Amino acid sequence: MSAPPSPPRAQGVGDLPVPVPAAVVGDDKVLAAAQHIVKSLATSKNAADDMIRILSGFDHRLSSITSDLFPSPSPAAADPDGSSAEQESPAAAESLAAFEAAEQLIHLWDTTPEALVFEAPEDDAAHYLAAVDVAVDHLAASSPAVSGRAGVAVQLAMARLEDELRHLMLRHAVPLDASGLFCSLRRLSLGSMDDLDTSSEFDPATPHSQDGAETARSASIAGNNPFEDQVFDLVRPEAVDELRAIADRMVRAGYDSELAQVYCAIRRDLLDDCLNVLGVERLSIDEVQHVEWKHLNDKMKKWVHGVKTVVRSLLTGERRLCDQVLSASDDLRDECFVESTKGCIMQIRNFGDAVAVCSRSPEKLSRILDMYEALAEVIPELKELFFGSYGDDVIHDLEGVLERLGDAVKGTLLEFGKVLQQESSRRPMMAGEIHPMTRYVMNYLRLLVVYSDTLDILLDDTSAAGVDHNPLHNGTDEDEEYLKSLTPLGRRLVKLISYLETNLDEKSKLYEDAALRCIFSMNNTLYIVQKVKDSELGRILGDHWIRRRRGKIRQNSKSYLRVSWTKVLSHLRDDGHGSSGSGSFSGSGSSSSRIKEKIKNFNLAFDEIYRSQTLWKVPDPQLREELKISISENVIPAYRAFTGRYGSLVDSGRNSGRYIKYTPDDLENHLSDLFEGSPGSANHSRRR
């Protein structure tokens, strides 16, 4: 884009551009221009002599100009203020001549409003600024006439400088790289409640989380955003000196408010554009309240990255620009920085406030914590940018937002506890496997541990009132000491898990089969223990908590064996019916009948257990194997002893296989099918 034409000027002749006849060339051109200046401006012979002396200082060739062509002034010739030129001192005459040259230059530029001083050749800008300096200096001239003319010239100059400032700031503004920044933000998705698996039936607000959510979020904490710590040059460095030169003149001329108005308006709009690039939208509280969670979650993520980028890159760069351009006035630069960034700060504040008053729902907690931590992280940095009376209100407002976000975190945790207490789905897990609620809660709590430092601070003042009197369901001194040893977050975790366990105990009662109730309890308790043990939850809750749950698993295992296999084993009890040790039959026929009845009842009971418990599911391979081993250790030896003692009495000759369906090895093979969650194999060898 070509620069607008500048006014015609005499090359190398002071600060005053004047028209030059085309026929005059070379040295004659310079001399003719100088003579034109003297003839046009000199009001007396003395004034002409003074001007010739000044012009000679620029170019020694101009000393050849003589004042012979100028008649001596008559006594009546006077300056505009009424004083005689002959009575003026040489310094006053020189000052007046300099002012009049400056005045003419300012007026001449004013006749070409489409031209821009700072797009003309470099010397033009320097000459114009020098003319402005001269005009400003004459605002306090002793002569009212000169002072008035200076006021007019300064007013014209300030209007032009405003335009020049606006043009320079817009032309040399450095835009954010929208495409590069967008790609960067997409790579930096925080692992949070948006990483939850949506396949679960349990849904207090969103379903259970994937195990990888904690890892994803932890990785994001390291901070890979290249924009966060990069201070941008918001205006190209080559323009800063020109902007400062303009600002200095406006401050000297007393045009502080006009300077502030144009500066702040431009910078405010440019910062708003930067926020748009960052994806930080201008939304009202009502709009935020009605945004779907999927979209709100995306906006919250962008806000988190945006806050850090705004403070560490944009506002830090803006502060530096203010300090450079507005260095003529400390108060002005502080005021302009606050005013320029007010809209940006307000946009950040309003969204934070809107989220803080949103309805409490568990899936929002992690993202609210992200927002809280981001704001808490940058407030100390903001205090270094906003200081003094102008910045106190900004910091106070943002600290208020931080407090309200903290209240939202605590309120959401309370709401989460209520969800756990009130979740009342009545459909049992048919195979006794891990309940979706258990998966959801434990992955949720594992993710919260990533925020342990923040949550310890936020929960510290509420921990005493926030923990039930007896969350461990017993009142031993050991448990009381254990609770006292925990962090505020640890006590809250104990409370939340106790809500989960109580709810699971209630759900176990949905099973009519007491054995399946035990399997359900073991599966869920073991899952809870594993999630604690294999994460930072283990560090927070400690070995005491884990030992308690492992003890519960052992207790359930014993209960399972008792309620499931006691009746089966009762059919193998030796009631003294006789012995087949020598191959002879001892006892009456009724004894043989009772043995046949026992074997028959054993077969029926075992087949019933086999049909049902092969459909039950124990997902953990170690627990599944331990249960099978425990069953085998109780059942196989008893079966082997019973059939060894009485088998030949009821199952020999033509009746072979009629009563005793299974060999001990058959029985062992069938037991291996239990808890696999699928019908047992029909291919096991059986004796018929």
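1. The second largest cavity is lined by Glu501, Leu504, Asp505, Ser508, Phe520, Ser521, Asn524, Thr525, Ile528 and Lys552. A cavity here is a set of points, on a 1 Å grid over the protein atoms alone, where a 1.4 Å probe fits but cannot get out, and lining residues have an atom within 4 Å of a point. This is a predicted model, in which local features need pLDDT of at least 70 and side-chain atom pairs count only at pLDDT 80 or more, while totals for chains, interfaces and linings use all residues. Residues are numbered from 1 along each chain as its sequence is written, and side-chain values use heavy atoms, with hydrogens and water left out.

2. Helix H19 (488-508) and H20 each supply at least two residues of this lining, and the largest share, five residues, comes from H20. Helices are DSSP runs (H or I, at least four residues), numbered from the N terminus. By class, the lining of the second largest cavity divides into three nonpolar, four polar and three charged residues, where Ala, Val, Leu, Ile, Met, Phe, Trp, Tyr, Cys and Pro count as nonpolar, Asp, Glu, Lys and Arg as charged, and the others, Gly among them, as polar.

3. The second largest cavity holds about 60 Å³ of space, and the structure has four cavities of 30 Å³ or more.

4. Helix H8 (residues 237-252) packs with helix H11 (residues 293-325) at an angle of about 55°, the axes being 8 Å apart, and the two are therefore oblique to each other. On the H8 side the contact (heavy atoms within 4.5 Å) is made by Val240, Leu243, Arg244 and Ala247, and on the H11 side by Leu321, Gln324 and Val325. These contact residues divide into five nonpolar, one polar and one charged.

5. On confidence, the protein chain averages a pLDDT (the predictor's confidence in each residue, from 0 to 100) of 80, and 72% of the residues score at least 70. Confidence is lowest in helix H17 (residues 463-466), at a mean of 44, and highest in helix H20 (residues 514-533), at 96. Over residues 218-227 the pLDDT is below 50, although this stretch has 18 contacts in the model beyond near neighbours in sequence.

Note on methods:
Axes fitted to C-alpha atoms, helices over the stretch in contact; angles between N-to-C directions. Parallel < 35°, antiparallel > 145°, perpendicular 65-115°, else oblique. 1 Å grid on protein atoms, 1.4 Å probe; cavity = no way out; pocket = protein on both sides within 12 Å on 5 of 7 lines; lining within 4 Å. Points joined across faces, edges and corners; volume = space filled by probe spheres on them.
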